[in-house]
Amino acid sequence: MTEAAARRTPGAPCWVSLIVHGLTTTQDFYSRLFGWEFRPGPEELGPYVRALLRGKEVAGIGQLPPDRHLPIAWTTYLATADADATAESIRSCGGTVAVGPIDAGRAGRLAIASDPGGAVFGIWQAAEHLGTAEAGTPGTPVWNELVTRETSSVAKFYQAVFGFETEAVVSADFDYQTLHLKGRPVAALHGVGHALPRDRGPHWMTYFEVADTDEATARVVELGGHVLQQPRDASSGRLATVADPEGAVFTMVRSANS
């Protein structure tokens with residue numbers, strides 16, 4: 001299966017985007033952190049740019065209208081072959097559709113939704129824009145994980161809407177399920193119970209690959225962001241959870257296999 005075909009597999013995370021108040025200052029932060037360059041994208045939802053690494057699109061950043069005060073957060077988009085049918089399925093399975101489905105010019109069709117626990121995610125029906133075109137190298141999104149209270153009930157929602165197979169970690173003190181499509185892991189659900197941040201609630205976390213987690217964490221602070229969880233070793237690699245200057249949280253990882 002080609003990378004492009006894998007990205008289009010319904011349910012597969014295919015894009016991440018961020019809507020902020022200060023588009024220019026946010027571009028500067030990520031440009032200096034990840035080496036991103038930017039070019040304009042479709043403006044159906046307001047001013048919007050696509051981030052590129054070596055000419056390949058890796059993420060999107062848009063600007064909130066001045067009168068809107070929404071949480072500033074990275075949003076994971078899951079692929080769909082039919083945004084309208086998926087939106088209907090989300091509603092019938094206990095989720096909520098907040099925006100759309102709407103056309104993003106010739107790029108594709110999207111909706112913004114939330115699962116029954118309140119975690120926000122997007123769905124993307126690709127036309128000209130397939131999604132993230134580079135993965136695995138520093139500065140690219142490499143993993144998406146739902147951080148929630150407990151996984152069993154919300155897993156049923158994602159299975160019903162997107163057809164994921166799930167594989168649970170069998171552990172008395174670790175509530176974790178990997179989501180699989182066509183036999184390959186594409187995302188995960190992580191139940192953290194009372195450790196869930198009260199100010200954020202359930203949320204999808206984007207993981208970005210970095211060459212050196214400790215160095216990148218220090219850079220985040222230099223650039224005006226802050227550290228939520230200091231660099232630490234895990235089975236997936238060396239991780240740090242940080243926030244950009246507007247408070248959008250993400251995790252940086254030097255993957256164990258990189």
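A salt bridge here is a side-chain nitrogen of Lys or Arg within 4 Å of a carboxyl oxygen of Asp or Glu. The structure is a predicted model, so local features need pLDDT of at least 70 and side-chain atom pairs count only at pLDDT 80 or more, while totals for chains, interfaces and linings use all residues. Residues are numbered from 1 along each chain as its sequence is written, and side-chain values use heavy atoms, with hydrogens and water left out.

On to the charged pairs. Side chains of opposite charge can pair when their charged atoms come close. The count by the rule above is 12 salt bridges. One of them joins Glu 57 to Arg 39, with 3.2 Å between the closest N and O atoms. This pair brings together distant parts of the chain, as Glu 57 sits in strand β4 (residues 56–63) and Arg 39 in strand β2 (residues 37–40), 18 residues apart. Helices (H or I, at least four residues) and strands (E, at least two) are DSSP runs, numbered from the N terminus. Glu 57 has 12% relative accessibility and so counts as buried, whereas Arg 39, at 39%, counts as partly exposed. For these labels, buried means under 20% relative accessible area, exposed over 50%, and partly exposed in between (1.4 Å probe, protein chains only). Glu 57 also pairs with Arg 50, again with closest N and O atoms 3.2 Å apart, and Arg 50 is buried, as is Glu 57.

Elsewhere, Arg 109 forms a salt bridge with Asp 84, and here the closest N and O atoms are 2.8 Å apart. Arg 109 belongs to strand β7 (residues 108–114) and Asp 84 to helix α3 (residues 83–92), so this pair ties together parts 25 residues apart in sequence. Asp 84 is partly exposed, at 37% relative accessibility.

Now for the nonpolar side. A nonpolar core is a set of buried Ala, Val, Leu, Ile, Met, Phe, Trp, Tyr and Cys residues joined through side-chain atoms within 4.5 Å. The largest has 27 residues, and the ones touching the most other members are Tyr 30, Phe 34, Trp 36, Trp 74, Phe 250 and Met 252. At least two residues of this core come from each of β1 (13–20), α2 (23–34), β3 (48–53), β4, α5 (213–222) and β16 (249–255). Helix α2 gives the largest share, 5 residues. Leaving aside neighbours within four places in sequence, Trp 36 is in contact (heavy atoms within 4.5 Å) with residues including Tyr 30, Leu 53, Ile 61, Trp 74 and Phe 208.

Strand β1 also holds Ser 17, which is buried at 4% relative accessibility. Not counting residues up to four places away in sequence, Ser 17 touches Tyr 48, Gly 60, Ala 73, Trp 74, Thr 75 and Tyr 77.

In helix α4 (residues 151–162), the buried residues include Val 154, Phe 157, Tyr 158 and Phe 162. Just after α4, Gly 163 takes a positive phi of about 75°.

As for cysteines, the whole structure has 0 disulfides, a disulfide being a pair of cysteine sulfur atoms within 2.5 Å. The sulfur of Cys 14 is 19 Å from the closest cysteine sulfur, that of Cys 93, which is too far for a bond. Cys 14 is buried, at 2% relative accessibility, while Cys 93 is partly exposed, at 29% relative accessible area.
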